Amino acid sequence: MVTVSLFIGGVAFVAVGIALSIALHEVGHLLPAKLFRVRVTRYMIGFGPTVWSRTKGETEYGIKAIPAGGYVAMVGMYPPNATDGSVRPSSTGMFETLASEARSAAHEEVGPEDVDRVFYKLPVGKKIIIMLGGPFMNLLIGVVLTAVLLMGFGSVQATTTLSEVNACQLAYGEDVPEDLSNCTPTPAAAAGLQPGDTLRNFDGVDVTDWAAFTERVRASAGITVPLVYERQGRTLTTSITPVLTARPVVDANGLAEVDEAGNAVTVQAGFLGVGPATALVPQPASAVLPAVGNNIVQIGSVVFQLPQKLVGVAQAAFSSEPRDPNGPISVVGVGRVAGEVAAMEEIPVASKVATLTGLLAGVNLALFVFNLIPLLPLDGGHVLGALYEGARRQLAKLFKRKDPGPFDIARLLPLTYVAAVALMAMGALLIYADIVKPVNIFG
């Protein structure tokens, strides 16, 4: 019962955090819009029927029944139709009909007093600021949460204390046999090392950093060297000979590299058969932005490979193939991970809170990256439209031509609908996969 309660608590923690992140994303659009005197009619969290709302000034603030996103409604998002006063020629095509209806809807609430308060009349720079306000808010939240995580809780660091000593020498990736009596002991087991021992000196060099120690071990295959370690307050000395075997090639983040077939890339190197204990070590403020940058790069890589990743998700969801632990997941998957973390009784409370904080930081950075995709209806699509408008006007000015006026982004609505359907299909696939074939990040 306690485990179930903890699981629900973890899910609720992340659900509330994501809801607040979405609300603040929309605040990022709302504040600059009001600053630039655009009339904002509605600020809503969610979609569907309105559950609660209150009007303050000229804006209705409310919560919708379906907690999936939110929006800020600004008057005059698109230039008006020709019949409303523009000089744009009309067309009878189906796509033009869609655009025309959208323009009419955008001007339903525009009154005579709003003639200079419509969005489409804003300078290009102000349009971009409004549209980037939402993603920037998610970036800011991600930076703050990363700072809390790294400076307050600390990052997980390998210590020089051993958490495990492998009993058998095995090829990389080979399963441990049930009968250990006939296996060849690892160098660490042969030297008498035990979990809880703290390494002090290896081959005359003090052991203060696990990564540096690992590199020295890898370079010492077949060489017998002295090893000094501490056990229960006593300093002990032994000799140890790293054995040459296949070891994984790891990247800058300590993750094993894989080839195109998904197999681990290995190299012949020295091996002892020990693993480090980990601890949360507080980091300086200077570590925050590099950590955020690394996270954004990793998320950007997933987004860049999204079509390929989604094919893999679909194959895993409808077959016996495992899910890629580094692939995309839905909010359902995020909630499941949060619940599992919260329910792990062997993890200290501080570590649980740190993990959930890092999870929310990652969600916000993912929202930041995803919303910058230059595709409507995402914020990046509106930014791209504003940049095109600015370039078009600058070219007209350069060649002394008539100002072409605001770019009518409503003409792109057919593509917007296609993209929206694709995004909904992607969300449905990820939710389904997270239910029937969830990502296993805990091994």
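How close do the axes of helix α8 and helix α9 come, and at what angle do they cross? The axes of α8 (residues 331–343) and α9 (residues 349–371) come within 9 Å and cross at roughly 170°. Axes here are lines fitted to C-alpha atoms, for helices over the stretch in contact, with angles from 0 to 180 degrees between N-to-C directions.

This is a predicted model, in which local features need pLDDT of at least 70, side-chain atom pairs count only at pLDDT 80 or more, and totals for chains, interfaces and linings use all residues. Residues are numbered from 1 along each chain as its sequence is written, and side-chain values use heavy atoms, with hydrogens and water left out.

**The helix pair**

α8 and α9 are therefore roughly antiparallel to each other (angles over 145 degrees count as such). Helices are DSSP runs of H or I with at least four residues, and strands are E runs of at least two, numbered from the N terminus. From α8, the contact is made by Val334, Val337, Ala338, Val341, Ala342 and Ala343. From α9 come Lys352, Thr355, Leu356, Leu359 and Val363. Contact means heavy atoms within 4.5 Å. The residues of this contact divide into 9 nonpolar, 1 polar and 1 charged. Nonpolar covers Ala, Val, Leu, Ile, Met, Phe, Trp, Tyr, Cys and Pro; charged covers Asp, Glu, Lys and Arg; the others, Gly among them, are polar.

**The disulfide**

The count comes to 1 disulfide, a pair of cysteine sulfur atoms within 2.5 Å. Cys168 and Cys183 form it, with sulfur atoms 1.9 Å apart. Both cysteines sit in the loop between β3 (155–165) and α4 (187–190), 15 residues apart.

**Accessibility**

Buried means under 20% relative accessible area, exposed over 50%, and partly exposed in between (1.4 Å probe, protein chains only).

| Residue | Relative accessibility | Class |
|---|---|---|
| Lys127 | 6% | buried |
| Cys168 | 8% | buried |
| Cys183 | 21% | partly exposed |

**Two further residues**

Lys127 lies in helix α3 (residues 124–153). Leaving aside neighbours within four places in sequence, Lys127 is in contact with Phe119, Tyr120, Leu122, Ala386, Glu389 and Pro406.

Leu236 belongs to strand β7 (residues 234–240). Not counting residues up to four places away in sequence, Leu236 touches Leu227, Val228, Tyr229 and Arg231. Leu236 and Leu199 are 37 residues apart in sequence. Their C-alpha atoms are 9.7 Å apart in space.

Notes
Parallel < 35°, antiparallel > 145°, perpendicular 65-115°, else oblique.
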